[in-house]
Every structure is written in C-alpha cells, then in structure tokens.
Amino acid sequence: MEVGLIHVCQCQLCKLGVNHSNKSLHQQINLLMSYLDEQQQHWFAALEANRIGHSGARFVSQITGLDEFIIKRAQQELHERLNNLQIEHSEFLS
Ligand SMILES: [Zn+2]
C-alpha cells in the first residue's frame, strides 16, 4: 500500500455516501491499516472482526478490502496464539 493512499470503505452505507455513525470509524480503520505491515493488517482486521462478532470477517473485508478468507485465518491464528499463551502462563504458575 502506498504512503498517503488509504483504502476507501466498501461497506453498503459508505458506498452510498451517506453520513452514518460508523463512517469516521471506517475511515480511521483504513488510515491505521495504511501504517501497518501486512501481518499487522491481518491481525488488526481479525481483532476488529472478532469485536463485531457474527459475519465480522465479511464486514471487515468490505471495510478494509482484505480478503475475507485471510481475515478468518488471522482470527484463527489470534485464537491459537492466545491459547498457547494461556498454556504457558498456567505452566508458569504450577
Ligand atoms: Zn464503511
């Protein structure tokens, strides 16, 4: 992604050009994404998708332009890494 260019959200409301409550959030997400490297973009998208919940990956895909499959894979990756951390933590305690 080129510096100074940010992805334009493709969610239905942003595409219509209407002012909606999440418009600036979507712009901020894409602004932040433009500063992240590829791996960080995937994880941030996954985090956002987790926050949204049901159909989160599809929606974040519309916002960011990242592939829905990539976001789902990153969600799985975050989940697994967190589980591994918890295992390490409990081993540390015992
Ligand atoms: Zn949008």
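The model is predicted. The protein chain holds five helices and zero strands, and along the sequence its pattern reads α-α-α-α-α. The mean pLDDT is 92, with 94% of the residues at 70 or more.

**Overall shape and confidence**

- The radius of gyration of the protein chain is 15 Å, whereas a compact globule of 94 residues would have one near 12 Å.
- Along the principal axes, the C-alpha atoms fill a box of roughly 55 × 30 × 20 Å.
- Of the 94 residues, 21% are buried.
- Counting contacts between residues at least 6 apart in sequence, 50% join residues at least 24 apart.

**The largest nonpolar core**

- Twelve residues make up the largest nonpolar core: Cys-9, Ile-29, Met-33, Ala-45, Ala-46, Ala-49, Ala-57, Val-60, Ile-63, Leu-66, Ile-71 and Ala-74.
- At least two residues of this core come from each of helix H2 (23–33), helix H3 (38–52), helix H4 (56–64) and helix H5 (68–93).
- Cys-9, one of the core residues, touches Cys-14, His-26, Gln-27, Asn-30 and Ile-63 when residues up to four places away in sequence are left out.

**Helix H2**

- His-26, Ile-29 and Met-33 are the buried residues of H2.
- These residues lie on the same side of H2, because they cover an arc of only 55 degrees around the axis.
- Exposed residues Ser-24, Gln-28 and Leu-31 sit on the face of H2 turned away from its buried side.
- The cover over the buried residues of H2 includes helix H1 (12–16), H3 and H4.

**Helix H3**

- H3 has 15 residues and spans 21 Å from its first C-alpha to its last, close to the 21 Å expected at 1.5 Å a residue.
- The buried residues in H3 are Gln-41, His-42, Ala-45, Ala-46, Glu-48 and Ala-49.
- Their arc around the axis is only 165 degrees, so they are on the same side of H3.
- On the face turned away from that buried side, H3 carries the exposed residues Gln-39, Gln-40 and Arg-51.
- H3 is followed by Gly-53, which has a positive phi near 90 degrees.

- Gln-41 lies in H3 and counts as buried because 20 other C-beta atoms lie within 10 Å, the cut-off being 20 or more.
- Leaving aside neighbours within four places in sequence, Gln-41 is in contact with Met-33, Leu-36 and Leu-66.
- Although Gln-41 and Ala-74 are 33 residues apart in sequence, their C-alpha atoms are 9.6 Å apart in space.
- His-42 is also part of H3 and is buried, with 21 other C-beta atoms within 10 Å.
- Residues up to four places away aside, His-42 touches Ile-70 and Ala-74.
- His-42 and Ile-70 are 28 residues apart in sequence and 7.0 Å apart from C-alpha to C-alpha.

**The loop between H3 and H4**

- Ser-55 is located in the loop between H3 and H4.
- Ser-55 is not a glycine, yet its phi is positive, at about 65 degrees.
- As a general rule, most residues other than glycine have a negative phi.
- With 11 other C-beta atoms within 10 Å, Ser-55 is exposed, since the cut-off for exposed is 12 or fewer.

**Helix H4**

- Gly-56, Ala-57, Val-60, Ser-61, Ile-63 and Thr-64 are buried in H4.
- Seen down the axis, these residues fall within an arc of 165 degrees and so line one face of H4.

Note on methods: Residues are numbered from 1 along each chain as its sequence is written. This is a predicted model: local features need pLDDT of at least 70, side-chain atom pairs count only at pLDDT 80 or more; totals for chains, interfaces and linings use all residues. A nonpolar core is a set of buried Ala, Val, Leu, Ile, Met, Phe, Trp, Tyr and Cys residues joined through C-beta atoms within 7 Å. Helices (H or I, at least four residues) and strands (E, at least two) are DSSP runs, numbered from the N terminus. Two residues are in contact if their C-beta atoms, placed from the backbone, lie within 7 Å. The arc is that of the directions from the helix axis to the C-beta atoms. The radius of gyration is taken over C-alpha atoms; the globule rule is 2.2 Å times the number of residues to the power 0.38. pLDDT is the predictor's confidence in each residue, from 0 to 100. The expected span of a helix is 1.5 Å times one less than its number of residues.
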